Amino acid sequence: MLSQLLAMTMFAIVGAVTPGPVNLIATSTAINQGLRTALLYVAGASVAYALVVFLCGFLMHSIALALPKLQFMMQIIGSLFILYLAYKIFSAPLSSLHTREKPLVGFWSGAFTQLINPKAWLVAMSGISLYVIGTSDEVQLLVVFTTISLAACLTGVGIWALLGRVLTHHLQDSTKQLVFNKVMAGLLAVSVSMIWL
């Protein structure tokens, strides 16, 4: 059982820490909105990911049948939302890094971004099929894997938010901040193409 827990943990951490739209937005949010707003975003994304894992465990058969339709719909919605966030980051005003009037993202934005993130669903389904489906105690392992996935997502996306917090000190100059925002917006826009490949 210990080796299975370690395998689940490693799988979940790798899935959570690898670059993707959710992680890029966490970094950008920490820089442009502050660590508190970024951590709300991280919490929303993590809770939503745990929900995705849990739903996948109970609905794996149905999701597998509907995947072509579901994946296409998620790709369209996700692409539009991520492009919208990229635009908001690209056009963010160059005021003080700590005094924005209206947060760009928060808990609900993190949750929504994660729920429409095809990577989240595919990683969750992969993990469920590897560690839960076909075992003697699927319900217990689903709860364990969901809990591990929540902790891994909080850690993985949280690391990206902390990276943004560290970069804040280097981006006090408005020119550097402008360049960073443009680069992050560009990376988000490019990440949309990865959803379609």
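Modeller: Leaving aside neighbours within four places in sequence, Val17 is in contact with Asn23, Gly156, Ile159 and Trp160, where contact means heavy atoms within 4.5 Å. This is a predicted model, in which local features need pLDDT of at least 70 and side-chain atom pairs count only at pLDDT 80 or more, while totals for chains, interfaces and linings use all residues. Residues are numbered from 1 along each chain as its sequence is written, and side-chain values use heavy atoms, with hydrogens and water left out.

Biologist: How far apart are Val17 and Trp160 in sequence and in space?

Modeller: They are 143 residues apart in sequence and 7.9 Å apart in space, C-alpha to C-alpha.

Biologist: Is Asn23 buried or exposed?

Modeller: Asn23 counts as buried because its relative accessibility is 3%, whereas Val17, at 31%, counts as partly exposed; buried means under 20% relative accessible area, exposed over 50%, and partly exposed in between, with a 1.4 Å probe and protein chains only.

Biologist: And what does the side chain of Asn23 reach?

Modeller: It reaches the backbone oxygen of Ala16 at 3.2 Å. Not counting residues up to four places away in sequence, Asn23 touches Ala16, Val17, Thr18, Val157 and Trp160.

Biologist: Which residues lie nearest the centre of the largest cavity?

Modeller: Of its 13 lining residues, those nearest the centre are Gly15, Ala16, Gln114, Asn117 and Lys119. α1 (2–17), α2 (21–33), α5 (118–131) and α6 (138–168) each supply at least two lining residues, with the largest share, three residues, coming from α5; these helices are DSSP runs (H or I, at least four residues), numbered from the N terminus.

Biologist: Back to contacts, what does Ala26 touch?

Modeller: Not counting residues up to four places away in sequence, Ala26 touches Ala38, Tyr41, Val42, Val157, Trp160 and Ala161.

Methods
On a 1 Å grid over the protein atoms alone, a cavity is a set of points where a 1.4 Å probe fits but cannot get out, and a pocket is an open set with protein on both sides within 12 Å along at least five of seven lines; lining residues have an atom within 4 Å of a point. A polar contact is a pair of N or O atoms within 3.5 Å; within protein, one must be able to donate a hydrogen and the other to accept it, and residues adjacent in sequence count only if both atoms are side-chain atoms.
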